[in-house]
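Open your viewer and get ready to click along. We will go from one selection to the next, with a short note at each stop.

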Amino acid sequence: MTVSGLRDRLRPALIALGVLVLLAASLAVAAYNEHQNRLQATQAAQTQAQVLADTVTAALSFSDNGALREYVDALRANPELDAVGVYDSDGRLAAGYTRSDLADRLSNVLTPRGAPDRIIVFAPVVQNGQRLGMVYVRDRIEPITRRLSRYVGPSLLVLMAMMMFAVSTLDALALRRANQDLQTQMVERERAEAALRQSQKMEAIGRLTGGIAHDFNNMLAIIIGSLELLLKRHADADPKLLRFVHHAMEGAKRAAALTQRLLAFSRLQPLNPTPSDITRTVTDMTDLLRRTLGEAVAVETVLVGGLWRAHIDLPQLEIAIINLAINARDAMPEGGKLTIETGNAYLDRTYVQGEEDLQPGQYVMIAITDTGTGIAPELLSQVFEPFFTTKPAGKGTGLGLSQVQGFIKQSGGHLRIYSEVGVGTTVKLYLPRALAAADRPPASMSRSAAPARRETTVLVVEDEAGVRDFAVEALIELGFDTVAADGGRAALDLLDAHPEISVILSDVVMPEMNGRMFVEQALKRRPDLEVVFMTGYTRNAIVHNGVLDPGTHLVTKPFTVAQLGAEIDAVLGVR
Amino acid sequence: MGLLTHRPGVAARRRTAWILTVCTALFVAGAARPATAEVNPLATAIKASYLYKMAPFVDWPAGAFPTPTSPFVLCVVGRDPFGPLLDRAVSGQSVSGRPIVVDRLDQISRNSPCQIAFLAGSATQSMPQALLALRGAPVLTITDDAAAPGIVDFTVAGDRVRFRIDDEAAAENGLTISSKLLSLALKVNPRKASDIDR
């Protein structure tokens, strides 16, 4: 405890002590005053008795009762003198009076009965050393009520002082509490501001990477498309030359994968969530993981029965699990154990409160736990940032966890990471439960083998010439007839001019008219048209939260000739 | 108050009864002179007690006593009206620590060792002669005769024994009489202004 804390704790006790001291002091003063008062009254009575004794000597000596009576009666003027008696040398009463209600007799004064509010004094009557008799004076002390009334003023002062003490104590306590509240609020505010800054940072990075990835995808589409056409048309070229082309193709595809992850982080990749059997997915992946992770890492699965189906894009989930597994392996250079658990979870309102964009409800949980080095607490908040990596330069892209995070968030799920240095790390993925009963059949991956001549005309709408040319070339390669336009308006004109058009392949983001608006107009004129979108950047009109509208077909740039062919076959209903 | 009003009366009656008893005893014994018609035996007893009661209110000059331990001498000069009443009254009494001694003389001179002298007159020395003899001596002269008053002269007024005081004569004899006593006197012949400061 700090010194000021000790002082704060002691303050009420000190003030109570002060009040007690004040009270004791005032009581002592009152008692002293009372004593002084009594002493003074006694002295006054003593003086009175002495004066009387000196006066009555001759009258007493010569039995001048008239004179005695006059002397004694003179004292009646003093109302406080309760009783006065003059006695001769034989102890006989010579003169006196009493006005007391006390039932005593002056003849008994030598043995006065107890009367606390009376002062009784005796004075000898002496003349020239000759004892002639005695004087008795009884003084009435002021009544207790009048004496108490004299202490009302000081008592009020003491009372007020004590109240002031009390008020100041309460004030101090209230101030302390307010100060604590303020400090708590400041801490909370700082925390909230830090969280806001973090989310703004992630948002900004997301926009940036999303934008870059989009442009890169367009360029990669051109590169990959061109290389594919080169390979197709000059398949008989010099093998050495072809190897270079293959290398270039390889690099372009890796670049495409990288931009895909960037899009995943920026939550802009197109997702195709389906009700998925997570138990089967994990079981199917176990063998792959064992082989990927090597001998040193034991893979264990703990799967519950009756696991709900999750509404999730399965290929992306597999990538996420592999990413996490690879992170786990890298955290266990000496080997260890990787545990994958599943379970049903309910995230309640209180849990959801602190999380952005998370709804309370039922979730399918996948927990991936390693026995690795763990992550220091101060780094935990940073691990989801893109390009943040603890791995040596060149070994990791720093996009693994950010891809997982982006993907899960985009899917309406939730991710939690628990880590303890030296013990290990657990990443829990919460995937939204699939409530739709029907399971959509998986999309056909087969494609028609022979690029035969088709009786189908495809309208290509793309503002970027490179991509448009590649698409046209690719369609021709696949055996389609093509008509191309560089924008929505031109495309609508072409549509009117070419009634043979039965399929539209349209970009989504275009300057004057976006893909969705164009398709809507086109479908108004020709409701029988089949539509395939191509996109590298899907934050646009046809995508809600990255999820395709039901029934929409889409190819993601950069795409291959085969992918394009498969998608168009799909809309045409070709098996 | 009601309790008290009759108390002095009771005391007075007791005293009266006591004095009467004493007087009766004296008469029966025949020890006293035949009382004159005007002599009241009760008043005589009171006067006897007054003789020594005067003492505390009077200051004698330093040379009044031969030695510091000398007794206080009360002289009765001439016809003694008190007899054993006086002896009884002074028995056990003292003045400023000096025991009181009663001395009965036929005549008195300024050399007599008396501090108080009750002058009643005798065959050998009349009262005026005695007064003259004691003039200037440190003796408090007490008389019961208005014709030849001493410093203190008894009288009876309204059934009570009172006294007149000649403070001038007291001053001549070098005595100082307390004002308290003076205030009780029926009449005071004040001392000369020049003597008051002494």
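Start where the two chains meet: between chain B and chain A there is 1 salt bridge, that is, a side-chain nitrogen of Lys or Arg within 4 Å of a carboxyl oxygen of Asp or Glu. To find this salt bridge, select A:Asp64 and B:Arg160, whose closest N and O atoms are 3.2 Å apart. Side chains of opposite charge can pair when their charged atoms come close.

Before you go on, two notes on reading this model. It is predicted, so local features need pLDDT of at least 70 and side-chain atom pairs count only at pLDDT 80 or more, while totals for chains, interfaces and linings use all residues. Residues are numbered from 1 along each chain as its sequence is written, chains are lettered from A and ligands numbered from 1 in the order in which they are written, and side-chain values use heavy atoms, leaving out hydrogens and water.

**Stop 1: the interface**

Now select the residues of each chain that touch the other. Chain B gives 27 residues to the contact and chain A gives 26, where contact means heavy atoms within 4.5 Å. Together the chains bury about 2200 Å², with 54% of it on carbon and sulfur atoms; buried area is the accessible area (1.4 Å probe) that two parts lose on being put together, summed over both. How many residue pairs are in polar contact across the interface of chain B and chain A? The rule finds 11, with both residues at pLDDT 80 or more. On the chain B side, the elements that give two or more residues include α2 (7-29), α3 (41-53) and β8 (160-166). Helices (H or I, at least four residues) and strands (E, at least two) are DSSP runs, numbered from the N terminus. A polar contact is a pair of N or O atoms within 3.5 Å; within protein, one must be able to donate a hydrogen and the other to accept it, and residues adjacent in sequence count only if both atoms are side-chain atoms.

**Stop 2: chain A as a whole**

Of its 575 residues, 42% are buried (buried is under 20% relative accessible area, exposed over 50%, partly exposed in between; 1.4 Å probe, protein chains only).

**Stop 3: a nonpolar patch**

Select A:Leu10, A:Leu14, A:Leu17 and A:Val21, which make a nonpolar surface patch of about 390 Å². Click on A:Val21, in helix α1 (residues 3-61) of chain A. Is A:Val21 buried or exposed? A:Val21 is exposed, because its relative accessible area is 52%.

**Stop 4: salt bridges within the chains**

Over all chains, the count is 19 salt bridges. Select A:Glu300 and A:Lys337, a pair at 3.9 Å, N to O. A:Glu300 sits in strand β6 (residues 297-302) and A:Lys337 in strand β8 (residues 336-347), 37 residues apart. Both are partly exposed, A:Glu300 at 35% relative accessible area and A:Lys337 at 34%.

Next, pick A:Asp496 and A:Arg525, which meet in a salt bridge at 2.7 Å, N to O. This pair links helix α12 (residues 488-497) to helix α13 (residues 515-525).

Move to chain B and select B:Arg104 and B:Asp87, whose closest N and O atoms are 3.0 Å apart in a salt bridge. B:Arg104 lies in strand β4 (residues 98-105) and B:Asp87 in helix α4 (residues 84-90), so the pair ties together parts 17 residues apart in sequence.

Conventions. Patches are made of residues with over 30% relative accessible area and no salt bridge: like charges are joined within 9 Å, nonpolar side chains (Val, Leu, Ile, Met, Phe, Trp, Tyr) within 5 Å. Accessible areas come from the Shrake-Rupley method with a 1.4 Å probe; for residues, only the protein chains shown count as cover.
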